[in-house]
Amino acid sequence: MESGIALQLAQTLLAVLAAPLLMGWVNACRAWLSNRSAPSLLMPYRQLRRLFHKDVVLANQASPLFRLAPYAIFACMVLAAGIVPTLMNDLPFSPAADAIALVGLFAMARMFQTLAAMDVGTAFGTLGARREMFVAFLAEPALLMVFFTASLIARSTALPTIVDVFAHQRFAIYPSLAFAAVAFWMVSTAENARIPVDNPTTHLELTMIHEAMILEYSGRHLALIEWAVALKLFTYSALGIALFLPWGIAPVGDWTGLPLALAALTLKLAMGGFTLAVLETLNAKMRLFRVPEFLGTAFLLAVLGMLVHFLLEV
Amino acid sequence: MTLPLPLQLTNLLAAILLLIAFALLSQRRIIGLITLFAWQGLALALSTTLVALHTKQPHLLASAGLTLVLKVGLLPWIFFRLVRRLDIERDVEPIINIPTTMLIGIVLVIFAFNLAQPISALAGTVTRSNLGIAMAVVLLSFLMMISRRQAIAQVIGFLAMENGLFFAATSATYGMPLVVELGIALDVLVGVFVLVIFFFQIRETFESLDLRHLERLKEH
């Protein structure tokens, strides 16, 4: 049990430390694909260090919530990263929350983010918060439906059980999982503020959603939020891997499987990041009023996955 | 899940067929509609071939080949030429907006699945669970015919409906006798030719393929 807790802490720490690297990899891939010279993979770390060394500038009207929010968001993301099985399955934290509670955890981080954005009372913060809630309210049902589809196949909403069932059964084609995977991809672009829903590098008032919410932040607060964004991308990628490509995740206590699990995780994350960069380069950001259609399609795919499961796979 | 691999693949293709039916519903451009229709035909031909190989029914191979020639090759080619000749590559305006259409589509799928459940319980074939999907494809194509004003979009909806019926026949009874299928294929082909002539007539008279114009009489 004690070694389990140590492993749990190690896995969470790995997620926290590796998250900016994944961000750097995605940015580097995007630069390569658009024929720019790529920034160093370690660029996000340097940015974080720079921000941590800067002083915090606070608005006069900022309430304690404004200062609390970055820590709360970061804590939520660390907790989420601890729950999702990345290297080892069924670690001590995993039973603490199932897939549905995980969605709630993301929602809590988002609530802090939007409240803090509205706290200072600038027009941009409110605009960003409203857009964020608009996107989130469309994305969440689709995300839940994706989890339900996976849970129906595994007959459990607990992530360790789902991973265990998918990783250790005979090879079978699940049409419903294919639908769910596409839907999950669409939802995670929306939730992580990536193209085509939101542009992570924009500073154009017409298009920004996430950036508009964090304009008032500076110094270590901004650093924590940026880190939490990277961590969220990492957690979503790990979640996608756990649900749809779980091969290689070692069962708890299996020391020999650990290097293999680490290699598999690195490979899968690198491929996922590259795919994300390709899709972001190929697509343009869509108008905000086309987002309901995009996320409606994600919801449709997830529901179709569930229906097809009932028809073909029971 | 102890189905043999060909049948699992058939199930996957059935799911793709359903997905393409939804894609047809959401597609705004006529060129996209034709391409999707060709893909649907391809999925249908592949799944028919798989069923034929798995159940050793040689006549199904013939109908798969017929589908391939007619619905993946000939008909899309005719439509592409038609679109270029009539110069109607622009967007089509659906009557109901697209997200609403999709939601109606989900309801239709649930309805079709429920409807098919007792029927597929009676059928004795290995692919009987696909019957619900086939019915869903038929209903979705019907919805597409209702919700579009453009004549070509309606004809593609009609042909997609035929695809659904064909899939239903394959999954419920391993296909109709070959004579019947040949007859249907010929009918579809002749039907499309007649409709193409109609398209030209409609455009000659109204200078548009929008069927709203047919609602009022026009005298020359």
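This is a predicted model: local features need pLDDT of at least 70, side-chain atom pairs count only at pLDDT 80 or more; totals for chains, interfaces and linings use all residues.
User: What makes the contact of α1(A) with α3(A)?

Analyst: On α1(A) the residues are Q8(A), Q11(A), T12(A), A15(A) and V16(A), and on α3(A) they are F74(A), V78(A), A81(A) and G82(A). By class, five are nonpolar, four polar and none charged.

User: Why are α2(B) and α6(B) described as roughly parallel?

Analyst: Helix α2 (residues 30-55) and helix α6 (residues 151-173) of chain B pack at an angle of about 10°, with their axes 11 Å apart. Angles under 35 degrees count as roughly parallel, and therefore α2(B) and α6(B) are given that description. Their contact has 13 nonpolar, six polar and no charged residues, including L33(B) and F37(B) of α2(B) and I156(B) and F166(B) of α6(B).

User: What makes the pair E293(A) and R28(B) a salt bridge?

Analyst: Their side chains meet at 3.3 Å, N to O. The cut-off is 4 Å, so the pair qualifies. The rule finds one salt bridge across the interface of chain B and chain A.

User: How much area do chain B and chain A bury between them?

Analyst: About 1900 Å², 78% of it on carbon and sulfur atoms. In this interface, 23 residues of chain B are in contact with 19 residues of chain A.

Definitions and conventions
Residues are numbered from 1 along each chain as its sequence is written. Chains are lettered from A and ligands numbered from 1 in the order in which they are written. Side-chain values use heavy atoms; hydrogens and water are left out. Contact means heavy atoms within 4.5 Å. Helices (H or I, at least four residues) and strands (E, at least two) are DSSP runs, numbered from the N terminus. Ala, Val, Leu, Ile, Met, Phe, Trp, Tyr, Cys and Pro count as nonpolar, Asp, Glu, Lys and Arg as charged, and the others, Gly among them, as polar. Buried area is the accessible area (1.4 Å probe) that two parts lose on being put together, summed over both. Axes are lines fitted to C-alpha atoms, for helices over the stretch in contact, and angles run from 0 to 180 degrees between N-to-C directions. Angles under 35 degrees count as roughly parallel, over 145 as roughly antiparallel, 65 to 115 as roughly perpendicular and the rest as oblique.
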